[in-house]
Amino acid sequence: MQIINDYSHTIIDTLQEVSSIEVFQDGRHSVLSQGSKEFHDIAGQLLDKFANARVDPAFGVSLHDETIKQIQSGTWLKLNFDKTIEKNGLPFDALLFQLEDGYGINLIREYQGRYEGRCIYLNFFDNIALKDLIKNNLLLSMVMK
């Protein structure tokens, strides 16, 4: 028996293409470049936390102006890519998500400079502590200005 993994139900292959990570914290913003220690630390944790997650159909739809308002509070990560990527027929240049603990998250797609359209839902099956991505690294004090 031959097993072929085409990654259509996972996000792991996409995470390997991240070119930079943006951190949003209550209106403050910082960019982590691919060569930085902080980038590699967060990218490694994302690979670990998302390893068993499954991409499922999302009920969430993003509206650009509302998304811009929402990222002014709370903690958010934006994964930027150097090229347009497509997952389950949904193109994106970046994926944005809030760091909240839970059993899944909506990945908000940025495409051609706008956060609009259907989200990609990532089902964790277990409660995952995404807030720890920042807290464990003390990144707020190191990179947020």
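A search of the whole structure finds three aromatic pairs, a pair being two rings of Phe, Tyr or Trp (its six-membered ring) whose centres lie within 6.5 Å, with planes under 30 degrees apart counted as stacked, over 60 as edge-to-face and the rest as tilted. The structure also holds seven salt bridges, each defined as a side-chain nitrogen of Lys or Arg within 4 Å of a carboxyl oxygen of Asp or Glu. This is a predicted model, in which local features need pLDDT of at least 70 and side-chain atom pairs count only at pLDDT 80 or more, while totals for chains, interfaces and linings use all residues. Residues are numbered from 1 along each chain as its sequence is written, and side-chain values use heavy atoms, with hydrogens and water left out.

**Aromatic residues**

- One aromatic cluster is formed by Phe50, Phe97 and Phe124.

- Side chains of opposite charge can pair when their charged atoms come close.
- Glu17 and Lys83 meet through their side chains in a salt bridge (3.8 Å, N to O).
- Glu17 lies in the loop between α1 (12-15) and β1 (18-25), and Lys83 lies in strand β5 (residues 75-87), so the pair ties together parts that are 66 residues apart in sequence.
- Helices (H or I, at least four residues) and strands (E, at least two) are DSSP runs, numbered from the N terminus.
- Glu17 is partly exposed, with a relative accessible area of 38%, and Lys83 is likewise partly exposed, at 48%; buried means under 20% relative accessible area, exposed over 50%, and partly exposed in between (1.4 Å probe, protein chains only).

**Helix α3**

- Asp65 is found in helix α3 (residues 64-70) and is exposed, with a relative accessible area of 54%.
- A salt bridge joins Lys69 to Glu66, and their closest N and O atoms are 3.6 Å apart.
- Lys69 and Glu66 are separated by about one helical turn because they stand three residues apart in helix α3.
- Lys69 counts as exposed at 54% relative accessibility, whereas Glu66 counts as partly exposed at 39%.

**Glu116 and its surroundings**

- Glu116 forms a salt bridge with Arg114, in which the closest N and O atoms are 2.8 Å apart.
- Glu116 counts as partly exposed at 40% relative accessibility, and Arg114 is partly exposed with a relative accessible area of 36%.
- Asp65 and Glu116 are 51 residues apart in sequence and 9.0 Å apart in space, C-alpha to C-alpha.

**Salt-bridge network**

- Glu22, Lys78 and Glu110 are linked in a network of salt bridges.
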